[in-house]
Amino acid sequence: MRKFVVAASLLTLAGCQSAGGGGETYSAPAPAAQPPASATDAQAVVAQDQTTQSKTYRKADGTVVTETSTTSAQASVDPGTATAFLAGVVAAAALGKKEERRSQPIVKADDMVGKWTVYLNSDDRVCQLNLSTEPKDEGFAASFNHCMDGDLFFVSNWRMKGQELVLFDNFSRAKGSMRMTEWNRWEGQLASNSKPITIAR
């Protein structure tokens, strides 16, 4: 009976030595990333990385010791600074849009009144367009001088549709349309044949 107990004890000791000895090193799995702090905290963590390593060895007296070391790296930002930065980006974008709108002046009917030189690029002819604010049909009276083009010959009125100048005949049919490319310079095309037309003064 004593021999059996001694043999069992020896086997148990041998098992402990094989399981805990040798000073082996292993890495424990990294814990899940921590959620960022709330917006009310002094700092909001935006990135965090943590690594844990453990080392196990046996002392001379047979005691098994485990040492654990943890390294971490994180970046944080002051919520006030982030808010101010985003507000600046939004304000700059709004200012850019406002400046863009200002670069395109709003043209009114009174700005268009007077004589315009007409350039028909398709056949190198030059004639004259007269625009007034005298009411005519749904717009204002218009007339061409020395323009023999079929579309322009019958133009009798004009009006602004948004920022587009549109020419009409007596039957309210559109004969041509133009948009401003420079102040006192408009470019577009005729309705029936898409020929380019430019007016300037």
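A: Happy to. Buried here means under 20% relative accessible area, exposed means over 50%, and partly exposed is in between, with a 1.4 Å probe and protein chains only as cover. Strands (E, at least two residues) and helices (H or I, at least four) are DSSP runs, numbered from the N terminus. This is a predicted model, in which local features need pLDDT of at least 70 and side-chain atom pairs count only at pLDDT 80 or more, while totals for chains, interfaces and linings use all residues. Residues are numbered from 1 along each chain as its sequence is written, and side-chain values use heavy atoms, leaving out hydrogens and water.

Let us settle on strand 7, which spans residues 155-161 and is mostly covered, with 5 of its 7 residues buried. For its partners, two strands count as paired if DSSP finds at least two bridges between them. On one hand there is strand 6 (residues 139-145), which pairs with strand 7 in the antiparallel sense over 2 bridges. There, Phe-140 stands opposite Trp-158 of strand 7. On the other hand there is strand 8 (residues 164-169), antiparallel to strand 7 over 6 bridges. Val-155 has Asp-169 of strand 8 as its bridge partner. Strands 7 and 8 form a hairpin with 2 residues between the strands, where Gly-162 takes a positive phi near 70°.

Contact means heavy atoms within 4.5 Å. Setting aside neighbours within four places in sequence, Lys-175 is in contact with both Val-155 and Asp-169, and also with Asp-151, Leu-167, Phe-168, Leu-190 and Ala-191. Lys-175 itself lies in strand 9 (residues 174-182), and it counts as buried because its relative accessibility is 14%.

Asn-130 sits in strand 5 (residues 125-136) and, at 18% relative accessibility, counts as buried. With neighbours within four places in sequence again left aside, its contacts are Ala-141, Ala-142, Ser-143 and Asn-145, together with Gly-114 and Lys-115. Val-118 is 12 residues from Asn-130 in sequence, and their C-alpha atoms are 10.0 Å apart.

For another lysine, turn to Lys-55 in strand 2 (residues 44-58). At 43% relative accessibility, Lys-55 counts as partly exposed. Thr-66 is 11 residues away from Lys-55 along the chain, with 5.6 Å between the two C-alpha atoms.

Finally, here is the wider setting. The protein has 4 helices and 11 strands, and buried residues make up 23% of its 201 residues. Of the contacts between residues at least 6 apart in sequence, 36% join residues at least 24 apart. The accessible surface, by the Shrake-Rupley method with a 1.4 Å probe, comes to about 13,800 Å², and 55% of that belongs to carbon and sulfur atoms. The largest cavity is lined by Val-107, Asp-111, Met-112, Trp-116, Met-180, Trp-183, Asn-184 and Trp-186. A cavity is a set of points, on a 1 Å grid over the protein atoms alone, where a 1.4 Å probe fits but cannot get out, and lining residues have an atom within 4 Å of a point.

Terms used
On a 1 Å grid over the protein atoms alone, a cavity is a set of points where a 1.4 Å probe fits but cannot get out, and a pocket is an open set with protein on both sides within 12 Å along at least five of seven lines; lining residues have an atom within 4 Å of a point.
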